[in-house]
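This explanation leads the reader through a protein model, beginning with a single residue and its surroundings. Please keep the sequence and the structure in view while reading.

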Amino acid sequence: MNILKSFHYKRYEVNWLRLTVQGLLIFLTGLTFAFASTIKAEAVVMHAQLFSWLPVCGIILASLGVLGCLDGLFAKDPSDFVQRLQTGVLDTVVGILIIMGISATPERLCSLIAGFLLVRGIGRLAMAYTMGFRLIILTLLSGIIPILLGIMVYLGWPHSEGWFLALCLSLEIALRGFAMMIFGLWLRERRDIEVV
(Lines give C-alpha, C1' and ligand atoms only; values in the text may rest on other atoms or scores of the structure.)
Protein backbone atom coordinates (compact mmCIF):
# COMPACT_ATOMS: atom_id res chain seq x y z
CA MET A 1 0.00 0.00 0.00
CA ASN A 2 1.46 3.32 -1.04
CA ILE A 3 -0.35 6.52 -0.20
CA LEU A 4 2.08 8.76 -2.06
CA LYS A 5 -0.49 9.47 -4.75
CA SER A 6 -2.95 10.86 -2.21
CA PHE A 7 -0.32 12.59 -0.03
CA HIS A 8 -0.42 16.37 -0.30
CA TYR A 9 3.10 17.77 -0.07
CA LYS A 10 1.87 21.34 -0.43
CA ARG A 11 0.64 21.53 3.18
CA TYR A 12 4.16 20.72 4.41
CA GLU A 13 6.10 23.12 2.18
CA VAL A 14 6.53 25.76 4.86
CA ASN A 15 7.03 23.26 7.68
CA TRP A 16 10.03 21.24 6.50
CA LEU A 17 12.52 23.56 8.25
CA ARG A 18 10.43 23.69 11.44
CA LEU A 19 10.16 19.89 11.44
CA THR A 20 13.90 19.47 10.93
CA VAL A 21 14.88 21.94 13.68
CA GLN A 22 12.24 20.57 16.06
CA GLY A 23 13.45 17.04 15.34
CA LEU A 24 17.05 18.05 16.02
CA LEU A 25 16.11 19.55 19.39
CA ILE A 26 14.11 16.45 20.38
CA PHE A 27 16.96 14.20 19.19
CA LEU A 28 19.53 16.09 21.28
CA THR A 29 17.24 16.07 24.33
CA GLY A 30 16.74 12.32 24.05
CA LEU A 31 20.46 11.67 23.63
CA THR A 32 21.27 13.89 26.61
CA PHE A 33 19.02 11.93 28.94
CA ALA A 34 20.10 8.59 27.45
CA PHE A 35 23.68 9.45 28.39
CA ALA A 36 22.57 10.83 31.75
CA SER A 37 20.67 7.65 32.60
CA THR A 38 23.74 5.50 31.94
CA ILE A 39 26.40 7.80 33.40
CA LYS A 40 24.44 9.05 36.43
CA ALA A 41 22.14 6.04 36.91
CA GLU A 42 21.58 6.72 40.63
CA ALA A 43 20.18 10.24 40.12
CA VAL A 44 17.28 11.25 42.37
CA VAL A 45 14.73 13.39 40.54
CA MET A 46 11.55 14.70 42.25
CA HIS A 47 12.62 12.89 45.47
CA ALA A 48 12.07 9.53 43.72
CA GLN A 49 14.60 6.89 44.75
CA LEU A 50 15.52 4.11 42.28
CA PHE A 51 13.84 5.84 39.31
CA SER A 52 16.91 7.56 37.87
CA TRP A 53 15.86 10.04 35.16
CA LEU A 54 12.44 8.42 34.59
CA PRO A 55 10.43 11.36 36.01
CA VAL A 56 12.22 13.73 33.61
CA CYS A 57 11.41 11.41 30.72
CA GLY A 58 7.76 11.49 31.82
CA ILE A 59 7.80 15.30 31.87
CA ILE A 60 9.38 15.40 28.39
CA LEU A 61 6.81 12.91 27.03
CA ALA A 62 3.91 14.85 28.55
CA SER A 63 5.30 18.11 27.14
CA LEU A 64 5.75 16.61 23.68
CA GLY A 65 2.21 15.24 23.92
CA VAL A 66 0.74 18.64 24.79
CA LEU A 67 2.67 20.22 21.92
CA GLY A 68 1.41 17.47 19.60
CA CYS A 69 -2.19 18.14 20.67
CA LEU A 70 -1.74 21.87 20.07
CA ASP A 71 -0.17 21.13 16.70
CA GLY A 72 -3.20 19.00 15.89
CA LEU A 73 -5.60 21.78 16.85
CA PHE A 74 -3.93 24.10 14.33
CA ALA A 75 -3.83 21.48 11.57
CA LYS A 76 -5.80 22.40 8.46
CA ASP A 77 -6.35 18.88 7.19
CA PRO A 78 -8.74 16.63 9.18
CA SER A 79 -6.46 13.59 8.86
CA ASP A 80 -3.55 15.60 10.28
CA PHE A 81 -5.77 16.71 13.16
CA VAL A 82 -6.73 13.14 14.05
CA GLN A 83 -3.21 11.71 13.69
CA ARG A 84 -1.52 14.46 15.71
CA LEU A 85 -4.20 14.43 18.37
CA GLN A 86 -3.94 10.65 18.79
CA THR A 87 -0.17 10.66 19.19
CA GLY A 88 -0.34 13.77 21.38
CA VAL A 89 -2.89 12.22 23.71
CA LEU A 90 -0.89 8.98 23.90
CA ASP A 91 2.30 10.83 24.81
CA THR A 92 0.53 13.06 27.33
CA VAL A 93 -1.25 10.21 29.10
CA VAL A 94 1.84 7.98 29.25
CA GLY A 95 3.99 10.89 30.46
CA ILE A 96 1.50 11.75 33.22
CA LEU A 97 1.17 8.09 34.25
CA ILE A 98 4.95 7.81 34.51
CA ILE A 99 5.13 10.95 36.65
CA MET A 100 2.32 9.72 38.89
CA GLY A 101 3.85 6.22 39.04
CA ILE A 102 7.04 7.28 40.78
CA SER A 103 5.40 6.69 44.16
CA ALA A 104 5.56 2.90 43.65
CA THR A 105 8.46 0.85 42.27
CA PRO A 106 10.00 1.05 38.78
CA GLU A 107 8.82 -2.50 37.99
CA ARG A 108 5.18 -1.34 38.11
CA LEU A 109 5.83 0.89 35.11
CA CYS A 110 7.35 -1.85 32.93
CA SER A 111 4.12 -2.86 31.16
CA LEU A 112 3.16 0.75 30.51
CA ILE A 113 6.56 1.65 29.09
CA ALA A 114 6.81 -1.58 27.08
CA GLY A 115 3.37 -0.99 25.54
CA PHE A 116 4.24 2.62 24.75
CA LEU A 117 7.50 1.66 23.05
CA LEU A 118 5.78 -1.04 21.01
CA VAL A 119 2.97 1.28 19.87
CA ARG A 120 5.37 4.07 18.91
CA GLY A 121 7.69 1.69 17.05
CA ILE A 122 4.89 -0.03 15.14
CA GLY A 123 3.34 3.33 14.26
CA ARG A 124 6.65 4.59 12.93
CA LEU A 125 7.14 1.44 10.85
CA ALA A 126 3.64 1.75 9.40
CA MET A 127 4.22 5.39 8.52
CA ALA A 128 7.57 4.62 6.86
CA TYR A 129 6.04 1.82 4.81
CA THR A 130 3.00 3.75 3.62
CA MET A 131 4.92 6.93 2.84
CA GLY A 132 7.69 5.20 0.90
CA PHE A 133 10.50 7.42 2.18
CA ARG A 134 13.69 7.47 0.18
CA LEU A 135 15.73 6.99 3.37
CA ILE A 136 13.51 4.12 4.42
CA ILE A 137 16.34 2.13 6.06
CA LEU A 138 16.97 4.90 8.61
CA THR A 139 13.25 5.32 9.25
CA LEU A 140 12.79 1.57 9.64
CA LEU A 141 15.60 1.50 12.20
CA SER A 142 13.90 4.29 14.15
CA GLY A 143 10.83 2.04 14.31
CA ILE A 144 12.52 -1.31 14.93
CA ILE A 145 14.69 -0.11 17.82
CA PRO A 146 11.71 1.00 20.02
CA ILE A 147 10.01 -2.34 19.34
CA LEU A 148 13.13 -4.21 20.48
CA LEU A 149 13.44 -1.96 23.53
CA GLY A 150 9.75 -2.53 24.33
CA ILE A 151 10.22 -6.29 24.18
CA MET A 152 13.30 -6.04 26.41
CA VAL A 153 11.40 -3.94 28.96
CA TYR A 154 8.42 -6.30 28.91
CA LEU A 155 10.64 -9.34 29.44
CA GLY A 156 12.65 -7.54 32.12
CA TRP A 157 15.88 -8.22 30.28
CA PRO A 158 18.54 -7.39 31.29
CA HIS A 159 16.59 -5.99 34.28
CA SER A 160 13.77 -3.64 35.25
CA GLU A 161 15.69 -0.97 37.10
CA GLY A 162 14.74 2.68 36.77
CA TRP A 163 17.87 3.69 34.89
CA PHE A 164 17.20 1.09 32.18
CA LEU A 165 13.58 2.24 31.79
CA ALA A 166 14.80 5.85 31.57
CA LEU A 167 17.40 4.81 29.00
CA CYS A 168 14.74 3.11 26.85
CA LEU A 169 12.41 6.10 26.99
CA SER A 170 15.26 8.52 26.28
CA LEU A 171 16.30 6.49 23.25
CA GLU A 172 12.68 6.52 21.99
CA ILE A 173 12.61 10.31 22.38
CA ALA A 174 15.92 10.58 20.49
CA LEU A 175 14.65 8.26 17.73
CA ARG A 176 11.46 10.31 17.45
CA GLY A 177 13.55 13.43 16.86
CA PHE A 178 15.72 11.55 14.37
CA ALA A 179 12.65 10.35 12.42
CA MET A 180 11.26 13.89 12.45
CA MET A 181 14.53 15.25 11.03
CA ILE A 182 14.52 12.64 8.27
CA PHE A 183 10.89 13.47 7.47
CA GLY A 184 11.67 17.20 7.31
CA LEU A 185 14.64 16.65 5.00
CA TRP A 186 12.57 14.28 2.85
CA LEU A 187 9.86 16.94 2.53
CA ARG A 188 12.46 19.49 1.49
CA GLU A 189 13.74 17.10 -1.16
CA ARG A 190 10.18 16.45 -2.41
CA ARG A 191 9.54 20.17 -2.60
CA ASP A 192 12.71 20.73 -4.61
CA ILE A 193 11.71 17.93 -7.03
CA GLU A 194 8.21 19.37 -7.52
CA VAL A 195 9.51 22.93 -8.05
CA VAL A 196 11.88 21.77 -10.81
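Leaving out residues up to four places away in sequence, Leu 54 touches Ile 98, Leu 109, Ile 113, Leu 165, Ala 166 and Leu 169, where contact means heavy atoms within 4.5 Å. The model is predicted, with pLDDT of at least 70 needed for local features and 80 or more for side-chain atom pairs, while totals for chains, interfaces and linings use all residues. Numbering runs from 1 along each chain as its sequence is written, and side-chain values use heavy atoms, without hydrogens and water.

Leu 54 also belongs to the largest nonpolar core, which has 39 residues; together with Trp 53, Ile 113, Val 153 and Leu 169 it touches the most other members. Such a core is a set of buried Ala, Val, Leu, Ile, Met, Phe, Trp, Tyr and Cys residues joined through side-chain atoms within 4.5 Å, and buried means under 20% relative accessible area, with a 1.4 Å probe and protein chains only. Helix 6 (162-195) gives the most to this core, with 11 residues. Helices are DSSP runs of H or I, at least four residues in length, numbered from the N terminus.

Gly 101 lies in the loop between helix 3 and helix 4. Its relative accessibility is 14%, and Gly 101 therefore counts as buried. Apart from neighbours within four places in sequence, Gly 101 is in contact with Phe 51 and Leu 109. Pro 55 is 46 residues from Gly 101 in sequence, yet their C-alpha atoms are 8.9 Å apart.

Technical notes:
Buried means under 20% relative accessible area, exposed over 50%, partly exposed in between (1.4 Å probe, protein chains only). Helices (H or I, at least four residues) and strands (E, at least two) are DSSP runs, numbered from the N terminus.
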